[in-house]
Amino acid sequence: TMSTPSFASSMSKAFAEFKTGNYVETLSTLTKVQGNNKVMGVRSYLKAITLNKLQRYDEAITSFRSSLSIGYTSKDIFYEYGQALYANNDLEQARKVFNHSARNNYKRSTSHYYIAHISQILEDWKLAKSYYLRITKSKKAEISIMQVAHFQLGEVLLAMAELKKTS
């Protein structure tokens with residue numbers, strides 16, 4: 001087993017590599033990290049966000065699940081996990097995970113936007129409408145998200161109106 005100082009140096013080396021954008025090296029360094037559940041949770045999390053950066057979403061999803069199953073949570077884990085699921089076109093699951101992110105108050109408006117957008121893709125018009133409305137009524141949403149939400153809300157309302165016309 002690795003001693004604590006060598007664990008700490010491997011983990012801090014991995015974080016340093018991640019910060020400089022050296023993602024392949026980050027993954028290599030992480031293979032050397034061993035430890036208790038908390039350590040392995042952090043390792044799986046860092047591995048997952050690194051794999052996201054490399055657009056290796058299947059692997060990232062596996063690492064996010066591993067990290068969460070160990071009980072590791074960070075402020076951004078559900079948001080990042082949702083991004084991987086969304087990129088991998090696992091839309092139903094992504095929508096659930098973005099909901100966790102919003103409930104944890106991490107990038108709430110952006111998480112709501114993803115929920116609305118996914119609902120729109122899935123033609124769940126009522127849910128899309130309700131989440132776009134949440135964003136447009138939010139006092140904290142960024143201007144860019146607010147503008148897109150207003151536009152998308154118009155698209156959803158148009159789709160709903162066209163459905164009423166044909167039914």
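## Exercises on side-chain contacts

Glu92, Arg95 and Asp124 are linked in a network of salt bridges, where a salt bridge is a side-chain nitrogen of Lys or Arg within 4 Å of a carboxyl oxygen of Asp or Glu. The model is predicted, and local features need pLDDT of at least 70, side-chain atom pairs count only at pLDDT 80 or more, and totals for chains, interfaces and linings use all residues. Residues are numbered from 1 along each chain as its sequence is written, and side-chain values use heavy atoms, with hydrogens and water left out.

**Exercise 1.** Work out where arginine 95 and its partner glutamate 92 lie, and state whether arginine 95 is buried or exposed.

*Solution.* Begin with the contact itself: the side chains of arginine 95 and glutamate 92 meet in a salt bridge of 3.1 Å, N to O. Finally, consider accessibility, for which buried means under 20% relative accessible area, exposed over 50%, and partly exposed in between (1.4 Å probe, protein chains only). Arginine 95 has a relative accessible area of 14% and is therefore buried, whereas glutamate 92, with 45%, is partly exposed.

**Exercise 2.** Find which parts of the chain are linked by the pair of arginine 95 and aspartate 124.

*Solution.* First, note that arginine 95 forms a salt bridge with aspartate 124, with the closest N and O atoms 3.5 Å apart. Then compare the positions: arginine 95 is in helix H6, while aspartate 124 is in the loop between helix H7 (108-121) and helix H8 (125-137), so that the pair, 29 residues apart, links distant parts of the chain. Aspartate 124 has 29% relative accessibility and counts as partly exposed.

**Exercise 3.** Describe the aromatic pair of tyrosine 113 and tyrosine 132.

*Solution.* Start from the total, which is 10 aromatic pairs in the structure. The rings of tyrosine 113 and tyrosine 132 form a tilted pair, 5.9 Å centre to centre with 55° between the planes; rings of Phe, Tyr and Trp (its six-membered ring) pair if their centres lie within 6.5 Å, and planes under 30 degrees apart count as stacked, over 60 as edge-to-face and the rest as tilted. The pair links distant parts of the chain, with tyrosine 113 in helix H7 and tyrosine 132 in helix H8, 19 residues apart. Tyrosine 113 is buried at 16% relative accessibility, and tyrosine 132 is buried at 0%.

Terms used
Helices (H or I, at least four residues) and strands (E, at least two) are DSSP runs, numbered from the N terminus.
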